[in-house]
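Thanks for passing this one along.

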There are 2 protein chains.
Amino acid sequence: MTISDLGEFGLIEAIAAALPRSDRTVVGIGDDAAVLSAPDSRVVATTDLLVEGRHFRRDWSSAADIGAKAAAQNLADVAAMGAVPVALLVGFAAPGDLAAGATVAGGDVSGADSVVLAVTALGDLAGRDPVTRAGARPGDVLAYAGVLGESAAGLALLEAGLTRPAPLIAAHRRPAPPYHAGPEAAGLGATAMIDVSDGLLADTGHLARASGVRVDIDSGRFPGNPALAAAATALGRPGVLDWVLTGGEDHALAATFPAGRELPGHWTVIGQVREGQGVLVNGNPATGRAGWKHFGG
Amino acid sequence: MTISDLGEFGLIEAIAAALPRSDRTVVGIGDDAAVLSAPDSRVVATTDLLVEGRHFRRDWSSAADIGAKAAAQNLADVAAMGAVPVALLVGFAAPGDLAAGATVAGGDVSGADSVVLAVTALGDLAGRDPVTRAGARPGDVLAYAGVLGESAAGLALLEAGLTRPAPLIAAHRRPAPPYHAGPEAAGLGATAMIDVSDGLLADTGHLARASGVRVDIDSGRFPGNPALAAAATALGRPGVLDWVLTGGEDHALAATFPAGRELPGHWTVIGQVREGQGVLVNGNPATGRAGWKHFGG
């Protein structure tokens with residue numbers, strides 16, 4: 001059974017039948033547009049585009065992996081505002097000969113030469129103020145929740161033709177962002193927050209710039225990660241810090257909190273917010289690949 | 001200046017600077033997600049994906065045309081629910097050597113071998129019930145607002161290497177859906193409504209199926225369209241009815257209303273809702289190309 005056999009409307013019906021229907025859905029799949037409840041009288045909205053060959057390879061990831069990854073990166077953006085996810089809208093383009101199988105989709109379906117997924121996530125702040133990138137103040141601490149560098153290490157392993165350590169391959173194929181930590185951070189009084197999609201240095205740089213502050217990161221505060229260390233050894237790399245500082249796509253959350261705020265154990269304090277600008281690591285201006293450049297470079 | 005020169009963040013900044021900011025925007029471009037007000041406590045949401053070579057050709061449409069068309073097809077979906085548009089989220093992927101110019105975008109930007117646009121529109125029902133496809137009842141009339149067949153005729157002209165009649169070329173490049181007619185129809189008591197994106201027969205068929213009714217269309221009720229007639233003559237086609245009945249992408253709105261309802265002049269009654277199923281034209285089951293098949297066939 002290929003997508004051509006199913007046809008556009010058959011594909012949409014197959015998808016709609018497989019998806020849960022939320023009590024937040026007033027009008028669901030199958031009309032011109034969805035209607036969703038927004039009891040907070042505000043809606044958080046974000047969109048991402050994933051292009052085959054650029055963001056994923058079908059020989060390295062299953063359809064379900066790709067769908068889950070596309071969802072994860074949008075849901076992490078919702079969490080990074082301090083909101084909980086309400087709905088996903090998915091646009092999907094694929095060659096007609098693509099075999100139909102398990103996937104996450106809905107919204108719009110069309111033909112294309114390669115697979116393209118467009119995911120929009122909507123979220124609910126439940127009465128809380130959004131946590132933007134712009135609220136960090138000198139004296140705050142920088143902390144993160146989730147993992148750093150695992151997706152990048154998994155990609156490096158795949159590129160080298162390796163499939164172990166398996167958890168790193170899984171981290172690349174299907175990231176598991178700490179969604180709950182986003183609304184939690186908002187409740188704990190986070191002053192600024194960002195989804196780490198381009199790498200910790202690059203995204204902390206965005207937060208520092210939006211807030212008009214400097215952030216000093218202490219690399220000694222990152223917990224050890226035996227799987228990362230094993231991957232570095234397997235690939236003959238000198239260490240793991242480059243992955244931790246510049247690897248994107250794990251969708252950890254980085255947030256700033258007022259000094260002295262008691263944080264749950266899954267938040268790790270790794271830095272200080274100061275007067276100034278930019279990001280320093282151990283007192284030195286950040287060097288190396290400062291996040292993923294999508295165009296050229 | 002190409003997109004590679006600008007870079008992802010430069011492109012986003014250039015786009016953000018060019019776009020108006022609405023008073024409905026709580027948090028706009030530049031954070032992990034947008035936050036939009038939803039005073040109605042519901043949000044209408046729809047998404048579409050446009051792929052170069054499939055939905056547009058860069059040699060036939062300018063960047064501004066493509067952006068406007070992508071926006072139009074989503075805004076028409078919002079209107080077809082009876083809502084007014086609040087916000088657009090745009091995902092954009094393009095080759096790095098694409099020259100940067102006027103375009104509609106925002107949301108997510110990434111590299112790709114061809115140009116892909118993903119547009120999500122959000123809308124506000126302002127307290128009205130959504131008008132779905134499922135509410136048509138025997139005895140209702142079918143009416144439409146906007147134009148039918150002009151985009152299809154414009155495409156046929158371009159495919160034949162012709163550039164006149166100019167209004168049809170413009171209709172293909174930059175459709176002008178009757179957005180205001182959507183909320184208007186809701187206020188006039190429309191029982192069902194749909195955006196004509198796949199062609200009148202196909203989309204009326206969706207409405208008939210969702211409502212569990214038959215729709216009889218009287219082709220004699222379509223007003224004459226001299227530009228369409230001129231295009232048919234230029235292309236040696238026997239008439240214009242095929243374009244009117246099966247041409248998509250004009251994004252006219254088709255709606256059903258209780259019999260006897262007084263409608264403004266920009267709504268044209270073209271049919272009757274009956275017991276049964278399917279769509280008849282002049283009493284005969286609809287034949288010919290019943291709308292655009294996106295996959296294969």
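1. Strand 8 of chain B and strand 10 (residues 252-257) of chain B run antiparallel and are joined by five bridges. Within that pair, B:Met193 has B:Ala255 of strand 10 of chain B as its bridge partner. Please keep in mind throughout that this is a predicted model.

2. The pair belongs to an open sheet of seven strands in chain B, with the order 8-10-7-11-9-12-13 and mixed pairing. Strand 8 (192-196) and strand 13 (284-285) of chain B are the edges, each with a single partner strand, so one side of each has no neighbour in the sheet. As a reminder for the pairing, strands of a sheet pair through backbone hydrogen bonds, either parallel or antiparallel.

3. Which helices lie across strand 8 of chain B? One is helix 2 (residues 63-79) of chain B, which lies across strand 8 and strand 10 of chain B and runs at about 175° to strand 8 of chain B. Another is helix 6 (residues 200-211) of chain B, at about 155° to strand 8 of chain B. Helix 6 of chain B lies across strand 7 (141-145), strand 8, strand 9 (214-217), strand 10, strand 11 (267-274) and strand 12 (278-281) of chain B.

4. Turning to chain A, there is an open, mixed sheet of seven strands in the order 8-10-7-11-9-12-13. Five bridges link strand 8 of chain A to strand 10 (residues 252-257) of chain A in the antiparallel sense, and A:Ala192 stands opposite A:Thr256 of strand 10 of chain A. Helix 2 (residues 63-79) of chain A lies across strand 8 and strand 10 of chain A, at about 175° to strand 8 of chain A. Helix 6 (residues 200-211) of chain A runs at about 155° to strand 8 of chain A, and the strands it lies across include strand 7 (141-145) and strand 12 (278-281) of chain A.

5. Strand 3 (residues 42-51) of chain A deserves a look of its own. How many of its ten residues are buried? The count is ten of ten, so strand 3 of chain A is mostly covered, with buried meaning under 20% relative accessible area. In a regular strand the side chains alternate between the two faces of the sheet. Here A:Arg42, A:Val44, A:Thr46, A:Asp48 and A:Leu50 point one way, while A:Val43, A:Ala45, A:Thr47, A:Leu49 and A:Val51 point the other, and all are buried.

6. The partners of strand 3 of chain A include one from the other chain. Strand 3 of chain A runs antiparallel to strand 2 (residues 34-37) of chain B, with four bridges between them, and A:Arg42 stands opposite B:Ser37 in that strand of chain B. Within chain A, strand 3 pairs with strand 6 (residues 116-124) in the antiparallel sense over eight bridges. A:Asp48 has A:Val119 of strand 6 of chain A as its bridge partner.

7. Among the residues making the contact are A:Leu155, A:Leu157 and A:Leu158 of helix 3 of chain A and A:Leu168 and A:Ile169 of helix 4 of chain A. By class, this contact has seven nonpolar, three polar and two charged residues.

8. A:Glu184 is in helix 5 (residues 181-187) of chain A. Is A:Glu184 buried or partly exposed? With a relative accessible area of 24%, A:Glu184 is partly exposed. Beyond its neighbours within four places in sequence, A:Glu184 is in contact with A:Pro264, A:His266 and A:Trp267. The C-alpha atom of A:Glu184 is 10 Å from that of A:Ala80, although these residues are 104 residues apart along the chain.

9. Finally, some overall figures. Chain A has eight helices and 13 strands, and 55% of its 297 residues count as buried. Of the contacts in chain A with a separation of 6 or more, 78% are between residues 24 or more positions apart. The accessible surface of chain A is about 11500 Å², and 53% of it belongs to carbon and sulfur atoms.

Methods
Residues numbered from 1 in each chain as written. Chains lettered and ligands numbered in written order. Predicted model: local features only at pLDDT ≥ 70, side-chain atom pairs only at ≥ 80, totals over all residues. Heavy atoms only, no water. Helix = DSSP H or I, 4+ residues; strand = E, 2+ residues; numbered from the N terminus. Buried < 20%, exposed > 50% of the residue type's maximum accessible area, 1.4 Å probe, protein only. Contact = heavy atoms within 4.5 Å. Areas by Shrake-Rupley, 256 points an atom, 1.4 Å probe, with all protein chains shown as cover. Pairing = 2+ DSSP bridges. Axes fitted to C-alpha atoms, helices over the stretch in contact; angles between N-to-C directions. Nonpolar A, V, L, I, M, F, W, Y, C, P; charged D, E, K, R; others polar.
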